[in-house]
Amino acid sequence: MTPKLWYLKRINIFEDLPESVLNELARIAREETVPRHTAIYLPDEPSTDIYILKEGRVKLYRLSNDGRELTLAILRPGEIFGELALVDDGPRQSVAQALDDVYVYAIKKPEFERVLRRHHDLALRISRLLAFRLRTIESRVEELLFRTVPERLANQLLHLAQEFGQLTPQGQVVGISLSHRELAALIGSTRETTTLVLNQFRRRGLILVDGQRIVIPDPAALSKVA
């Protein structure tokens with residue numbers, strides 16, 4: 001078994017697919033290395049590839065006309081992105097940026113489409129992924145419209161702690177290093193307001209801050225704000 005095939009077998013969306021399908025995906029996927037802080041794709045670029053994240057983390061975000069950033073997701077290994085190319089022939093609308101030195105498998109859109117036409121089970125799984133991503137975006141819009149900045153920040157810190165954190169004697173560490181500007185982009189706020197709310201949380205004992213490391217001593221207490 002090749003390393004590429006071994007890895008694909010362990011991705012949730014490909015789990016239990018026939019060996020023939022996995023072999024076909026492994027054959028058409030090419031491995032690419034993307035240095036930290038480098039864009040994998042940008043708005044208005046052609047949607048030519050679908051990506052599978054092998055190592056590192058990738059941030060997906062949108063830019064407003066005045067240059068403000070809204071983070072849509074932070075992806076972990078095993079996740080697929082750029083999949084909207086399968087249902088939309090238009091150019092990219094978001095930015096995919098490597099947060100670390102990233103390794104991805106890239107598959108050309110026409111080749112992926114040929115696999116989907118032959119294997120309906122995989123096509124159904126991709127459809128469900130698209131539906132999940134749409135629901136996630138709808139939830140993000142609802143949160144931005146109807147929740148306050150403290151509520152959004154508390155909810156985001158709890159989410160990051162669950163996704164990337166680790167438990168220590170001090171509490172739950174948010175195991176991803178983000179600047180105040182990056183946190184603001186996650187919750188649709190400004191850096192200044194986000195810093196103000198973080199300081200309020202710190203004074204109330206809801207979080208501990210050590211540089212860019214945030215610790216949540218009592219997640220239940222913070223969840224009362226979310």
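Me: Which residues of α6 are buried?

Reply: Buried means under 20% relative accessible area, exposed means over 50%, and partly exposed is in between (1.4 Å probe, protein chains only). In α6 the buried residues are E182, L183, A184, A185, L186 and I187. Helix α6 (residues 180–187) is thus mostly covered, with six of its eight residues buried. This is a predicted model: local features need pLDDT of at least 70, side-chain atom pairs count only at pLDDT 80 or more, and totals for chains, interfaces and linings use all residues. Residues are numbered from 1 along each chain as its sequence is written, and side-chain values use heavy atoms, with hydrogens and water left out.

Me: How are helices and strands assigned, and what covers the buried residues of α6?

Reply: Helices (H or I, at least four residues) and strands (E, at least two) are DSSP runs, numbered from the N terminus. The cover on the buried residues of α6 includes β4 (58–63), β5 (69–75), α4, α5, α7 and β12 (213–216). After α6 comes G188, with a positive phi near 70°.

Me: What is T71 in contact with?

Reply: Contact means heavy atoms within 4.5 Å. Neighbours within four places in sequence aside, T71 touches K59, L60, Y61, R140, E182, A185 and L186. T71 is part of strand β5 and counts as buried because its relative accessibility is 0%.

Me: At what angle do α5 and α7 pack?

Reply: Axes are lines fitted to C-alpha atoms, for helices over the stretch in contact, and angles run from 0 to 180 degrees between N-to-C directions. Angles under 35 degrees count as roughly parallel, over 145 as roughly antiparallel, 65 to 115 as roughly perpendicular and the rest as oblique. Helix α5 (residues 149–164) packs on helix α7 (residues 191–203) at about 70°, with the axes 10 Å apart. So α5 is roughly perpendicular to α7. V149, P150, L153, A154 and L157 of α5 meet T193, T194, V197, L198 and F201 of α7.

Me: Which residues make the nonpolar surface patch?

Reply: Patches are made of residues with over 30% relative accessible area and no salt bridge; like charges are joined within 9 Å, nonpolar side chains (Val, Leu, Ile, Met, Phe, Trp, Tyr) within 5 Å. A salt bridge is a side-chain nitrogen of Lys or Arg within 4 Å of a carboxyl oxygen of Asp or Glu. Accessible areas come from the Shrake-Rupley method with a 1.4 Å probe; for residues, only the protein chains shown count as cover. I137, V141, L145 and F146 form a nonpolar patch of about 440 Å². I137 sits in helix α4 (residues 120–146) and is partly exposed, because its relative accessibility is 43%.
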